[in-house]
Structure formats: C-alpha cells, structure tokens
Amino acid sequence: MAAYAGFLKRPVSPTGVWSWLTTVDHKRIGLLYGVTALIMFFIAGIEAVIMRLQLSSSEQTLVSPEIYNQLFTMHGTTMVFMVIMPMGAAFFNYLIPLMIGARDVAFPRLNAFSFWMFLFGTLLMHASFLTMSAPAMGWFAYAPLTSLEFSPASGVDYWVLGLQVLGIASMAAAFNFVVTIINLRAPGLTLMRMPVFVWMTLIISFLLIFAFPVITIALTLLQFDRWVGTHFYNAAAGADPLLWQHLFWVFGHPEVYILILPAMGIVSDILPTFTRKPLFGYPAVVFAGVSIAFMGFGVWSHHMFTTGMGAWANGVFSFATMLIAIPTGIKVFNWLGTLWGGAIQFKTPLLFSIGFISMFTLGGLSGVMHAVVPVDTQQQDTYFIVAHFHYVLFGGSLFGLMAGIYYWFPKMSGRMLNEGIGKLNFWLMFIGFNMTFFPMHIVGALGMPRRIYTYGADQGWDSINMFMTIGSLVIVASFLAFMVNVIRSLQSGERAGDNPWGAATIEWSISSPPPHYNFLEIPTVTSRYPLWEEGHSKGAAQIHGHDDDDGHAVHMPDPSYWPLVLSAGIAMLAGGLLIWKWHQILGFTVISTFGLLALYATYRWAFEPVNEPNHEEPHQ
Amino acid sequence: MGLSPSTGRKVQRNMTHRKFLRWPVMVGLLLLLVAVLSACTNPQTTFSPKSDTAQSIQTIYLLVIVMASIVMVGVFGVLGFALFRFRDRPGRVASQTHGNTKLEIIWTLLPIAILVIVGAPALIAVAGSAKAPDEDALHINVVGHQWWFEVQYPGMGPEDPNNPGERLPLITANEVHLPVGKQIYVTLESVDVIHSFWIPQLIGKTDMIPGTVNELQTFTPQEVGVFYGQCAEFCGTAHAQMRFRAVVESLGDFNEWAVALQTPPADPVSELAAAGQTLFLAKGCVACHTIYGMPGAAGKVGPDLTLLGDRRTIGAGIVDNTDEALQKWISNPQELKPGTLHMPSFGLLSNENPQHMSDAEIRAVSAFLRGMALE
C-alpha cells in the first residue's frame, strides 16, 4: 500500500480545487449538485426565453425551425434530467445524513461517482451544441423520428448517450440512498419518525431503481438501431414504433413523481416550522406518497390516449389515472390541515410552500381533465398540456425546491438570505409564473399545438402569446432577484446560528454550516420533532460538538480520485461511441483507452482503504 | 364564528345571499369563458363544436371544468381563510393537533365522489367511442407525409383500368371535403414518422402511425364552413407548418367537387396557362406530382395537384392560394416552409440547370395550376 507515489498520493488537503474534485463528503457533493443544477437552470431558462420571444407574435423569424426544435428538446431534457432531478439530489445529498443523524451516506465514494457521472452526462449532451447539432426530436424522442432515416444528424446520438450516462448516476445514487436511509438512521429514529423529506427520498430512490432500467433498455434498443442497424422501432421492417412510447412512459410517468415527491417532502417539513405545529396526518401524508409511487407505474398510457390503443385500454388507464387524484388530494388536504389552527409566520420559505400547494393543486386539477379521454383528444399535444405540466413541475416542483433553498440555505452557508429580497423573489416568480403559464390553458383550448415554432396571424393567438412572453420576462427578473440575494448573503448575510427558524428536526441541532463529520456524537431521537421536546432545545450532540477538539476523534473516509477517474472513463466510453460514428479507428482507440482506464479505476477503487494508513493513526 | 346573537343573524343572511349568488356567477363566468373561447376569430378553437362528436366532447369538457373549478374554489377558499385567520400575531398559540382520522376518511371519500361524477360520463363516452361506423358513413383515408396530408376517398374515384368494375380512390391533398350531415369515418396512416390528425371544431385528434391503420372516432359535421386542422404530433422540422383545411359543404357541392376531381382538365384557356402546362411536363414537376387526366403527370412523391385552383391554401395550409403565393412557392418553397423535402427551389437553380425556371416561367406554371378549378 505504500506504493502510492507522487501525484497518485491520496489528497488530504481540506481546501482547494483538488479537495472538491476528490471529495466524498455528502455535503460538498450536495453543493456540487446544487450549483450545477442552478447553472443548468440558467441555461434552460435562456432556452425558454428565446422560445417565448420567438412565439411572442405570429410569423416571427427570430430563430429557424431547426434551432427552435433544438431549443424545446434541450429545454425539456435539461429541466427534467439536469435541473429538477439534481436539485432534488442536492437536497437529499446534503440533508439526508443530517436528518437521520448519520455522518455520511452509506457509500461515500459511490456518492461522488454519482455526481461525476451526472456532470459528465450533462456535459456530453451539451457538447452537441458545439457541433451545432443539438437533439431536435423532443425530449420524448418518439420513434421513428429518432431513426437514422429521419434524424441523420448526431443530435439523437448525443441525447441517447447523455441519458445513458445520467441514468448510471441516478441508479448509483438511488441504491446509495436506499441503503443509507434503511441502515444509517440514528437510534430511536424509527421509520415513522423520519422527516417526510427522508420518506420521499426513500420512495423516489425506489422509483428510480424500478423506472430507470426501463428507459435504459429503451435507449439501448435505440442505440442498436442507430449504431448497428437493427430494427427495433422501424415500422418498415415490421416493428411497432409504439414500443418506444410504451417503454418511454413506463419510465416517464414514475419520473414525474421522481420530480414532484422531493418538493412534497420539503413542503411537508417546512410547514410545521412556520405554523409552529406538527404536520397534520403524518401517516396519511407518508402513505399517500407511497401509494402515488405505486400507482405511478400503472398509468403510463394516459400519455397515449390518442395513439389508437382502443376503448378498453383507454378506459382502464383513464380510471387508473383518476385514482391518483385520491392520494394527491389527501396530501393537499393534510397540508391545509397543518396550516389550520397554526400560528403562521410568513417567511419566504413558507411563501414558496404556499405557492407550491396552490399551483400544484391547479396542475393536479388540469391533470384530472386529461384523464378524461374524450377531453384529452382535444387537449393532447396542445398548450393546455404545456400549462398543466408547468403547473406541476414549475408551480409544483420548482416552487417547492425554492422553498427548500430559502429554508436550508442558512444551514448550508451559515448565513441568512435576505427576507425582503426573498419576498420580492417570491412575488415576481409567482406573478410571472401565472402570467406565463395560466394563459397557456386558454391558448391551448383555442387550438394552439405544442412544439410549433410559428403560427399564422389568422389564428388569433397573437395577443395572448405576447402577454405570456412578457410574463416569462418577469420570471427572469425573479431569478435575478434570487441571484442577487444569494450573492449578497454569501458576502454579508446575517449569521444564521444553529436554528434560525426554531425548527424541530435534528439537522438544526448542529452548527451552520455543519462540521464535516456532522454529529460528534450520534444523537438519540425520541420523536418526530425532537428539538421541540422539553429540554431538547439543543441536541445532545450539539452540546458536545462545540467545545470539542474539532472532531479529531471522528474517523471520516479520506477523499479519493477514483470516483472521478472511473466516471470520466465511463463517460468517455460514450464519447468514444460518438467519435466512432465519425472516425472508426479514432473512436475505437478512445473506447479502448478509456475502457481500460475505467477498469483500472475500478480495481484501484476496490482495493482502496477507507483511510490512508500513513495519513492518520490506524483505524481501530 | 364567535359572533354575538344579534349580529349572527345578519351574517347568516349575508351568507345565504352570497350562496344564492354563487351559482349564477359561476355559470356566468363559464358562459363568458365559452364565449371567449369560441369567438370566430379563432378558427382552430376547441370550444366551438360544429359536429355531433365535438359537441358531446364539449359537454364533458364543460362538466370537467365545472368540477375542477368547484374544487379549486374550495381549496383556495380554505387556504386563503386559513392563511388569514391563523396568521401569527402576538399571543397566538398554535394548536398542537397531529391529525384526525374522521377528517382523513372524509377527505379520502370526497375526491372519490367527485371522481365518480367526472369519471362515469367519461368512461361511458370512452365505451361509446368504439362504436362501428354506420353502413352509409363516408369513408376517408388520410395518409401523413412529412409535412402534408394525402386525402383518399376509397371507391369514389375513376374506374380502375386493371380491375374493371372496381373504382380507385379519389385523391386530393391538404384539404378534406366533407358533406354536411353525413357521418364521416376516417382511417389514418403514415408513410414516415408519427403525425396526428386533428380538426378541433369537428373532431379530437388521433395519431397517424407508420405500419398501423388507426381509426378516428366517427363524427357528423353539422354546419357548412371551412375549418382549420393541424398536425398535432411533433414530426420534424416543418411540423408547425403541417396544416390543412376541412371544407364542409352541401351534399350537392360535395358531389360536384368529387366529379370534377375525376374529370380530365379542360385545355388551358389562356396562352400563359398553356405555356405553364408545357413547362409542368418539361421541368420535371410531373416526376412528383399527379394531375388526374393529364398524360405523363402521375408522380407520387408530392401532393396530388388535381384541381389545385379550387383549394383554399397551398403548402399544406400555410398560405392562402394566390398567384403571388404560388409563384413564391414554386420559386423557393424553403422560404415559405423551411425544411420542405424533395421539392427543388426552381427559381434559385442555376441557369445551366435544365430545371431552372425564370420568373416568367414560374408565372406560367402558376397560372396553369391555379387555372384548374371548378367552374
């Protein structure tokens, strides 16, 4: 083991670029996820604004149809896979160990690997912009439009491989968090005492584990079609292109819940803090989450009511879809029950939570409309649908995630975000959001289809579209207010202290930001809201934590190069496949080089000790 | 609400008064919504049904909107009330309730009740949509192409020369003619990618999938008029410009049109149009386009151009059918419809290219094509 020489020596410095590249600390990984997701949010936002400008009036010529098609494809793909999912990941990376009283996740290096795979997948897909051939077939990528015959450009290839790489990241993270939540809970933290966010993370981890293999298979078949010339989706060769739609939505519908459940968890944990009372109907909220996840696997074909599946299939999937309204309603009612009788403090996190509850309710109601098949034949693929899922994913997920950022930012940074700017941020976003997306219901009902880069003046959609474009600029203003708030706070924000909101869960019992080992002494949890218990206003762990020797007695795993190297190797295998299409020998060289590198990294990872023997005193 | 008995009565009267007002207000708002959505300035609106099926879809649509609005008003009302009533102020202590089983049961049953109200008519409608077409329904087969619609009327065209006694389909493109009051049965196909066929005022959409023949729910147009249709499934570069028109006309007009479509065109009346006819053959247009009854013009790649002068639009519903627009189209289709497949930009080809057309030649071809019209 003493053979580590020179640059291969394990990095030990707690600061500097290498400390971030090799970190296995769940908090740092959470921050990396969060920052990357915010950057991608900015990019996807720019794409959205360009589309809104193009649609602001009929016969606009700001962008060409090819560019427009690339914009909506990348906007959708980015928002789903590279903004909302990683923002959820940022929270569960940062918070889960803190919430369950653990020092890190079960597999810290695997956690780092997840992040690097996510980052490289993101970079790989966006590299398509460099070759001026971003994917342009929609984030749903319906066959046979994705075949070589109809999409000869390499955009689809970037998209397929990028998603495959992102899928590895998600699967690794999901297994990691299932094991972490099941095994690493502090003594006394029974399942039914866990914060709801921990529950929702557990549920979406299972959703990821069951849903992602389906899209992986769908993508692999498409890869074969495009690289090897098979005919899995080729109607001319006798295949049914609907196979893709079934596979895609068997993944895609659970994916919707992967996107919304973290926000539901966040809001369920924020409401008690600002109403000063426990969550109303905790078991009902948890079981509703579980049943939503189960039912989410049985409704995929409601995305396909117009594909001619027949009355039986349409009826069954319509019925199943309506059933989901029941657990969803239970959640909304319990949130209302939590507010009822409280002492509601209108802090920014609560405002965003209220925004979440109200906007998500609207999105849920329009969702029930689509479940009604005859109505759906008029709404499918129109702006009505665009309105619906933005109410769910923006009004829902993003408002919930914003609430989470305002709520936990003090814990993560040690500084408060400004309340005044925060409220400005909220109202701009709330008003801008409704200006942009509510009229989409109307313009959809007036017959405006989705994914069109132009429309005729005779359609009478002009003024409504102009109004929506102005609304989108208000959203941009809200994002700027957010950025200003974050930057100001990091420079000169008010110190947060351990528990600025007077919250009840154990992540608030330790200092802000938390020490790298989280808890000096693993706390014992006696209820759902331990910090609100008599004599527990400060966690036992906390009391020891402050006047101690800076945690030298706690053994944390050392940083490691191998997650980064392994994920770079795997990502470049995908890159090599792209190069192979353009130059076979070069592609083969890249694939074999990085394949060997990945193998080597796996080997080194497997035999790497938790701590470098000559770095600290021997472990135990 | 903690009111003294004397003011209590007043409040109660106010509340009944308000309750009394609520329904008319709601119905009024709904009617306003329908009025706005069905305004004639929106030819593609889903809220101005002009067929029996579209009408019955709208009935369910309105029911769903009403139910959703009731839930929305209820949830927002409770939310707003709670936020105001239970706001934090000095002396306010939150009640430490953890839940209430009775309430949980009530608000599990409540959505179920609402879903039954919405779901029952929805599922009945789904079952009804599977009904077989009437014996005398008019059958139309529409084929999706990137990015235009081929429209076939099976068994209504000229006699099949290879199969005496059998009739070929009557063929046109980007315009569906429908006799008013007759049940329409549409089958849908695609030759390339997935498209979707949709005439919002007449019928909801159904996808056109390669390798499959899909059936559109039958419908009976109830009003004469021209209605907008559009491809609703993303199908590539020019998806936004894959549109068509549905022309609902009297049975007499429909029959006249159907006969004209299978009558060889009369000789062009003007010299310009005659020159255009020659050019149409000489410049290779006929390799892709068919004109019924014109020798040599039997191409199958592009839309059938028979009786083009009678169509409302060109380029698959994207511009009105005028001399200027058609000339522009022949000269450079990419300008009107970026991404157009197969068709050369005849006006932009180099002079050496035998297919190149001068402005004068383009005018002639346009005059010839637009000259083919119903009397």
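Two residues are taken to be in contact if their C-beta atoms, placed from the backbone, lie within 7 Å. Helices (H or I, at least four residues) and strands (E, at least two) are DSSP runs, numbered from the N terminus. The structure is a predicted model, in which local features need pLDDT of at least 70 and side-chain atom pairs count only at pLDDT 80 or more, whereas totals for chains, interfaces and linings use all residues. Residues are numbered from 1 along each chain as its sequence is written, and chains are lettered from A and ligands numbered from 1 in the order in which they are written.

**Figure 1. Contact of helix 2 with helix 4 in chain A.** From helix 2 of chain A, His26(A), Ile29(A), Leu32(A), Tyr33(A), Thr36(A) and Met40(A) meet Pro108(A), Asn111(A), Ala112(A), Phe115(A), Leu119(A) and Thr122(A) of helix 4 of chain A. The residues of this contact divide into 8 nonpolar, 4 polar and no charged; Ala, Val, Leu, Ile, Met, Phe, Trp, Tyr, Cys and Pro count as nonpolar, Asp, Glu, Lys and Arg as charged, and the others, Gly among them, as polar. The axes of helix 2 (residues 26–55) and helix 4 (residues 108–130) of chain A come within 10 Å and cross at roughly 15°. Axes are lines fitted to C-alpha atoms, for helices over the stretch in contact, and angles run from 0 to 180 degrees between N-to-C directions. Helix 2 and helix 4 of chain A are therefore roughly parallel to each other; angles under 35 degrees count as roughly parallel, over 145 as roughly antiparallel, 65 to 115 as roughly perpendicular and the rest as oblique. Helix 2 of chain A passes helix 4 of chain A in a left-handed crossing, a term used if the near helix is turned anticlockwise from the far one by less than a right angle, with right-handed used if clockwise.

**Figure 2. Crossing of helix 16 and helix 17 in chain A.** The axes of helix 16 (residues 562–582) and helix 17 (residues 584–606) of chain A come within 8 Å and cross at roughly 160°. That makes helix 16 of chain A roughly antiparallel to helix 17 of chain A. The crossing is left-handed, and by class the contact has 18 nonpolar, 7 polar and 1 charged residues.

**Figure 3. Open sheet of 3 strands in chain B.** The strands of chain B follow the order 4-10-9, with mixed pairing; two strands pair if DSSP finds at least two bridges between them. Strand 4 (175–179) and strand 9 (225–230) of chain B stand at the edges with a single partner strand each, so one side of each is left without a neighbour in the sheet. Neighbouring strands of this sheet are turned by 25° against each other on average, direction ignored. Strand 9 and strand 10 (residues 243–249) of chain B run antiparallel and are joined by 6 bridges; Gly225(B) has Val248(B) in strand 10 as its bridge partner. Helix 4 (residues 251–260) of chain B lies across strand 4 and strand 10, running at about 135° to strand 4 of chain B.

**Figure 4. Open sheet of 5 strands in chain B.** The order is 3-2-1-5-8, and the pairing is mixed. Strand 3 (170–173) and strand 8 of chain B are the edge strands, each pairing on one side only. Strand 1 (residues 138–145) and strand 5 (residues 184–190) of chain B run parallel, joined by 7 bridges. In strand 5 of chain B, Glu189(B) stands opposite Val143(B).

**Figure 5. Contact between chain B and chain A.** Here 74 residues of chain B are in contact with 74 residues of chain A. On the side of chain B, the elements that give two or more residues are helix 2 (52–85), helix 3 (101–129), strand 7 (203–208) and strand 8 (214–215). Helix 3 of chain B gives the most, with 15 residues. The residues of this side of chain B divide into 42 nonpolar, 23 polar and 9 charged.

Figure 6. Pro144(A) is placed in the loop between helix 4 and helix 5 (155–183) of chain A. Trp147(B) is placed in the loop between strand 1 and strand 2 (148–153) of chain B.
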